[in-house]
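Welcome! Have the structure open beside you and try each exercise before you read its solution.

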Amino acid sequence: MRQPTDELADLEQRGLLRSLKVLDSPQGASIELGGQTVVNFSSNDYLGLTQHPRLKAAFSEAIDNYGVGSGASRLISGTQQPHQRLEESIAAHKGHQAALTFSSGFATASGAIPALFGKDDYIILDKLCHACLVDGARASGATMRVFPHNDLGKLESHLQWATAKASADSRILVLTESVFSMDGDLAPLAEIVELKDSHDALLWVDEAHALGVLGPAGRGLAAELGVETRIDFLMGTFSKAAGLSGGYLCASRAWIDCLINRARSFIYSTAPSPALAHTITEAIDLIASPEGDQLRTNLRSHIDHLAPDSPTPIIPHIVGENEPTLALAADLLAAGYYVPAIRYPTVPRGSARLRITLSAAHSADNVQSLRGHLG
């Protein structure tokens with residue numbers, strides 16, 4: 001029988017072994033790691049909200065008002081007013097009729113996609129879609145086709161194929177992200193919307209890395225392009241720019257009601273803490289406020305200084321092979337910068353990289369110093 005130690009040895013030999021790094025400090029622009037203070041370029045906390053005084057006060061107040069837990073799943077006894085207010089807030093922020101929140105982005109996709117699509121349906125997805133979207137599509141049992149990253153011609157070809165194969169009751173779904181998490185590039189959303197409309201398909205867009213960062217009031221790329229109301233399913237998380245945790249899906253009232261009745265990751269999970277839901281609503285308000293606009297301006301300044309051609313605060317520094325990537329990450333850590341090495345299966349083989357993420361909480365000196373070390 002194959003032993004787990006054999007698998008671990010194989011991962012180590014290929015430069016793919018991972019281990020948990022325990023921080024000795026709160027999450028922030030600087031962290032304590034292994035007894036060393038380092039500048040943190042690993043976090044998705046794009047606006048620096050994990051330590052924002054307004055959100056810390058809101059969380060503390062909400063714990064006093066609602067306690068620390070929900071008691072049960074939302075359909076049993078777990079729904080409280082903060083959950084409802086949060087869903088109303090994120091739906092309004094994203095320009096949709098309704099929303100449903102989940103414990104994480106992964107739970108959103110892995111629960112909602114199989115709840116709405118099945119063996120008689122067709123799902124077409126971008127090759128670089130996040131694992132949660134891929135797993136959700138696989139779990140649905142739908143016929144899947146993958147198109148090369150942002151390849152509109154191949155997407156159109158797959159849509160034509162699916163349209164020809166589909167029955168009158170079949171659903172055809174296109175899955176993509178608006179901001180891709182490992183490359184920081186953007187999907188051609190306006191063109192994808194046109195294609196899905198011309199083939200009577202549905203469109204699901206994950207805006208996890210766009211919420212709070214792009215668009216008017218931080219509403220995302222879909223809002224920036226003016227297509228948010230033409231996207232059937234707008235998904236995202238509260239664990240990036242909002243500085244907290246959890247996932248959401250915005251859609252029509254009818255689609256959301258279907259999910260309440262069919263999404264297993266919603267039905268069979270204890271509701272997130274109402275104190276958390278209350279604090280996320282505060283975060284959305286902050287993101288949409290003038291202060292949120294100023295934080296985005298600061299963030300954009302950092303991006304322009306380090307990588308002016310990048311549309312987002314995700315800056316990939318591609319090395320290629322695993323060992324030199326790990327060595328470069330170790331050198332940067334020794335110099336006082338925590339930049340994680342990203343390897344297969346998170347990215348394709350041969351494209352190991354440092355994934356640099358910028359935050360409004362960084363100082364200009366932090367960014368300038370990292371730029372100097374990268375050469």
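A residue counts as buried when its relative accessible area is under 20%, as exposed when over 50%, and as partly exposed in between. Keep in mind that this is a predicted model.

**Exercise 1. Decide whether Tyr-122 is buried or exposed, and do likewise for Trp-161. Then describe how their rings pair.**

Solution. 
- Step 1: Tyr-122 has a relative accessible area of 11%, so the residue is buried.
- Step 2: For Trp-161 the value is 26%, so this residue is partly exposed.
- Step 3: The two rings lie 5.5 Å apart from centre to centre, with 85 degrees between their planes. Planes over 60 degrees apart count as edge-to-face, and that is the class of the pair Tyr-122 and Trp-161.
- Step 4: Tyr-122 belongs to strand 4 (residues 122-126) and Trp-161 to helix 7 (residues 152-165), so look for them 39 residues apart in the chain.

**Exercise 2. Find how many aromatic pairs the whole structure holds, then classify the pair of Phe-41 and Tyr-337.**

Solution. 
- Step 1: Searching the whole structure gives seven aromatic pairs.
- Step 2: The ring centres of Phe-41 and Tyr-337 are 6.5 Å apart and the planes stand at 35 degrees, so this pair is tilted.
- Step 3: This pair links distant parts of the chain, 296 residues apart. Phe-41 sits in the loop between strand 2 (36-40) and helix 2 (53-66), and Tyr-337 in strand 11 (residues 337-338).
- Step 4: Phe-41 is buried, at 0% relative accessibility. Tyr-337, at 6%, is buried too.
- Step 5: Ring pairs also join Phe-117, Trp-204, Phe-233 and Trp-255 into a cluster.

**Exercise 3. Work out the strand order of the seven-stranded open sheet and name its edge strands.**

Solution. 
- Step 1: The order is 3-9-8-7-6-4-5, and the pairing is mixed.
- Step 2: Strand 3 (98-102) and strand 5 (143-147) each pair on one side only, which makes them the edge strands.
- Step 3: Ignoring direction, neighbouring strands are turned against each other by 20 degrees on average.
- Step 4: Now zoom in on strand 7 (residues 202-206) and strand 8 (residues 233-237), which run parallel and are joined by three bridges.

**Exercise 4. Describe how helix 5 (residues 105-116) meets helix 10 (residues 253-262).**

Solution. 
- Step 1: Their axes come within 9 Å and cross at roughly 105 degrees.
- Step 2: Angles of 65 to 115 degrees count as roughly perpendicular, so helix 5 is roughly perpendicular to helix 10.
- Step 3: Helix 5 contributes Ala-112, Ala-115 and Leu-116 to the contact, while helix 10 brings Trp-255, Cys-258, Leu-259 and Arg-262.
- Step 4: Sorted by class, the contact has six nonpolar residues, no polar ones and one charged residue.
- Step 5: Helix 10 also lies across strand 3, strand 7, strand 8 and strand 9 (247-251), at about 30 degrees to strand 3.

**Exercise 5. List the buried residues of helix 6 (residues 131-140) and say what covers them.**

Solution. 
- Step 1: The buried residues are Cys-132, Leu-133, Val-134, Gly-136, Ala-137 and Ser-140.
- Step 2: Their cover includes helix 5 along with strand 4, strand 5, strand 6, strand 7 and strand 8.
- Step 3: After helix 6 comes Gly-141, with a positive phi near 80 degrees.

Methods. Residues are numbered from 1 along each chain as its sequence is written. This is a predicted model: local features need pLDDT of at least 70, side-chain atom pairs count only at pLDDT 80 or more; totals for chains, interfaces and linings use all residues. Side-chain values use heavy atoms; hydrogens and water are left out. Axes are lines fitted to C-alpha atoms, for helices over the stretch in contact, and angles run from 0 to 180 degrees between N-to-C directions. Helices (H or I, at least four residues) and strands (E, at least two) are DSSP runs, numbered from the N terminus. Angles under 35 degrees count as roughly parallel, over 145 as roughly antiparallel, 65 to 115 as roughly perpendicular and the rest as oblique. Contact means heavy atoms within 4.5 Å. Ala, Val, Leu, Ile, Met, Phe, Trp, Tyr, Cys and Pro count as nonpolar, Asp, Glu, Lys and Arg as charged, and the others, Gly among them, as polar. Two strands pair if DSSP finds at least two bridges between them. Rings of Phe, Tyr and Trp (its six-membered ring) pair if their centres lie within 6.5 Å; planes under 30 degrees apart count as stacked, over 60 as edge-to-face and the rest as tilted. Buried means under 20% relative accessible area, exposed over 50%, partly exposed in between (1.4 Å probe, protein chains only).
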